[in-house]
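Colleague: Could you take me through this model, feature by feature, and tell me how each one is to be read?

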Amino acid sequence: MIRVCTILPCYASLAGDGTNERQFISALARYVEEVYVISLISITDCARMRRVNEILSKRGNNVRVLLVPFPFLPLQFLLTLLMLIYSIAALLIVLLLDRRKNFHAIYIRDARLAMSFALCKSLSKRAIVKIPCFLEEETFNDVDKFLMKKVASIIDRYISLKMFGIVVHNEEFVKSFMFTRSTMPYNIFMIYPGICLRMLRKIKEACRKERFSQKSTLTAGFMGLLEKWQGVDILPEIAIELRKMGYTPRIFIIGDGPEKRKIELKCKQWNID
């Protein structure tokens, strides 16, 4: 019987990150006997427990969830300090559960939540940590960014050296991570961003009913940091493929970053709105 414990920032969140985490846990639950989820929940979501309970009711029968109220502060540096404290509490909970369940693996989504686990050898040798981004790039406050650049680098390097492995979402991010953090993790696991097949089927069905004409305008969009490891550089190529199919393509982007100028030049060169 395989049992997995997961430490997540926002499993029950109504936002996009929560959807990603639930999809991952749902997929994982198909291959193991039990999944234990210890997750933070924002004060805002605590006030909407009826909606949260609806979300939890859709989890698999072999998924056990423990939600811990947590104040998600707007500044990454302060948020990091609080998450490091929470990491200690999560460690104590997992140690108690592990005595009864003897987990085969521990999955932690966020290096900050993994810090205390790195100090416990019996758990760290079973733990893999998801590193979805560079934390210093998640803030636009100059002071916050300066502090996070120092702290995030230390956390990421320490985690990569102490844990069984890290999880990333694509090859470009691996290269950026090893170069930026100057470290080589023991093991690197690739979990590509997933899709919700049920939602995709609904979209396909809607497209069939709509019966798009060859003159229809189709839009490819993106919201987030414009870094190469996000895959945003292929947006103009997507628009060109849509044009070859007979549609009028548009690109709608909300965000900023190093790839912005390159995308603008490609769109101008290929006459894409």
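Modeller: We shall go from the sheet to its strands, then to the helices and to one residue. This is a predicted model, in which local features need pLDDT of at least 70 and side-chain atom pairs count only at pLDDT 80 or more, while totals for chains, interfaces and linings use all residues. Residues are numbered from 1 along each chain as its sequence is written, and side-chain values use heavy atoms, with hydrogens and water left out.

Colleague: In what order do the strands of the sheet lie?

Modeller: Helices (H or I, at least four residues) and strands (E, at least two) are DSSP runs numbered from the N terminus, and two strands pair if DSSP finds at least two bridges between them. Here 7 strands form an open sheet with parallel pairing, in the order 3-2-1-4-5-6-7. Its edge strands, each of which pairs on one side only, are strand 3 (63-70) and strand 7 (188-190).

Colleague: Which residues are bridge partners across strand 2 and strand 3?

Modeller: Strand 2 (residues 34-42) pairs with strand 3 in the parallel sense over 8 bridges; serine 39 has leucine 67 as its bridge partner in strand 3, and valine 35 has valine 63. Strand 2 also pairs in the parallel sense with strand 1, over 6 bridges, where the partner of threonine 6 is valine 37.

Colleague: Is aspartate 273 buried or exposed, and which residues does it touch?

Modeller: Aspartate 273, in the segment after helix 11 (260-269), counts as exposed because its relative accessibility is 62%. Taking contact as heavy atoms within 4.5 Å, aspartate 273 touches Pro249, Arg250 and Ile251, not counting residues up to four places away in sequence. Aspartate 273 and isoleucine 251 are 22 residues apart in sequence, yet 6.3 Å apart in space, C-alpha to C-alpha.

Conventions. Buried means under 20% relative accessible area, exposed over 50%, partly exposed in between (1.4 Å probe, protein chains only).
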